[in-house]
Amino acid sequence: LISYLAPFIDPADFWPVSFFGLLYKPILLLNLTLLLLWIALRKRRWIYNAIFILIGFQFIARSIQFNKNTYSTDDIRVCTFNTNVQMVYEDGNTSKEIAKHLTAHQYDVAILIEWLDKKGDINSKAYPHQQFVRLDSKHDRYDYGLKLVSKHKIINWERIKYDHFTNNMAAYFDIDVDGTIIRFMATHLQSNGVSSKDYRTLVNLEVGDEYKNYALTFAKRLRKLIIRRSNQTKTILETIDDSPYPVIILGDFNDTPQSITYQTLKKGRKDAFVEKGNGWGATYLKPFPIMRIDYILHDEELVCTSYECISTIKSDHALIEASFKLP
């Protein structure tokens, strides 16, 4: 029940609610499991689980969908992919695999997040218009950032400036698509900073003073990052509200659909997964493919005709793509 409040309460006012929003899917699965268990054991307590699920039934559609694609060749196709720095720091480099995929699928616009520009190239014939945005724009040697590649002309772009230092970033690109200008908001919001070490420590450490100290430090760090992500969302919203063109927001929000991040950016817009997605909708693949934190949101004047989640390229995220009919 607390997780149902997460999309409507600002973390700056009461951040623990956001934590329950992050856990929405596991809580939902637990309730479904108990529901089936009590029915199998002929226990009336299944009614409680059913009531909890029904109260939040509207939120289930954000995680599970069954739609049919209506794509036609005249539609524009876009994608976003968190490359996990092309797996360079895990003794590999997926740059060629990514470039091959983009060339084969012929997207109109593609966003590559956590991209090391000196470690890979995208075919300039397939995508004649390319723009790399560095995390640190003052130092050309700093190679990390996000990259947009496009078949169509980029008429304007600007990096979003936050009032704090962060390794996450966003930028907008105004692109002329066959005479219609669309603003693409490439977004990589603040991560939760939860590592596999944190999971192991919190699960395996015996309850005591050491455990309490670690848990308290972990909670303080999580609170700081959740509030930071909320502030970044507000900054991005200001840029979107000023747009004279139809907007497509795409990227890694580092937050679930059961969050104020999603609720804020989706207001007045549509979610490509909800419109044309099919299945479970998980985009973050580790440690289990359960969380949807990558999105393609769009203004209502754009009509979504397809959505697909692709996990064949090695990363901790899936690539997501969607197609649209222009207004």
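1. Which residues does K25 touch, not counting residues up to four places away in sequence? K25 touches S63, W280, G281, A282, I290 and R292, where contact means heavy atoms within 4.5 Å.

2. On the basis of the comments: this is a predicted model, in which local features need pLDDT of at least 70 and side-chain atom pairs count only at pLDDT 80 or more, while totals for chains, interfaces and linings use all residues. Residues are numbered from 1 along each chain as its sequence is written, and side-chain values use heavy atoms, with hydrogens and water left out.

3. K25 belongs to helix α3 (residues 24-40); helices (H or I, at least four residues) and strands (E, at least two) are DSSP runs, numbered from the N terminus. K25 is buried but forms no salt bridge. Buried means under 20% relative accessible area, exposed over 50%, and partly exposed in between (1.4 Å probe, protein chains only). A salt bridge requires a side-chain nitrogen of Lys or Arg within 4 Å of a carboxyl oxygen of Asp or Glu. The nearest side chain of opposite charge, D271, is 11 Å away; Lys and Arg count as positive and Asp and Glu as negative, with His and the chain ends not counted. The side chain of K25 does reach the backbone oxygen of W280, at 3.3 Å.

4. Two residues other than glycine have positive phi values: D91, near 60°, and E114, near 55°. D91 is found in the loop between β2 (76-82) and α6 (95-105) and is exposed, with a relative accessible area of 82%. E114, in contrast, is found in strand β3 (residues 109-116) and counts as buried at 17% relative accessibility.

5. The disulfide count is 0, a disulfide being a pair of cysteine sulfur atoms within 2.5 Å. C79 is in no disulfide, and the nearest cysteine sulfur, that of C309, is 12 Å away. That distance is too far for a bond. C79 is buried at 0% relative accessible area, whereas C309 is partly exposed at 32%.

6. The largest nonpolar core has 33 residues, and those with the most contacts inside it are F173, I175, F184, I248, I296 and F324. Such a core is a set of buried Ala, Val, Leu, Ile, Met, Phe, Trp, Tyr and Cys residues joined through side-chain atoms within 4.5 Å. Strand β7 (residues 169-177) gives the most to this core, with 5 residues. Apart from this core lies another, of 16 residues, among them F81, F132, V149 and I310.

Technical notes: A polar contact is a pair of N or O atoms within 3.5 Å; within protein, one must be able to donate a hydrogen and the other to accept it, and residues adjacent in sequence count only if both atoms are side-chain atoms.
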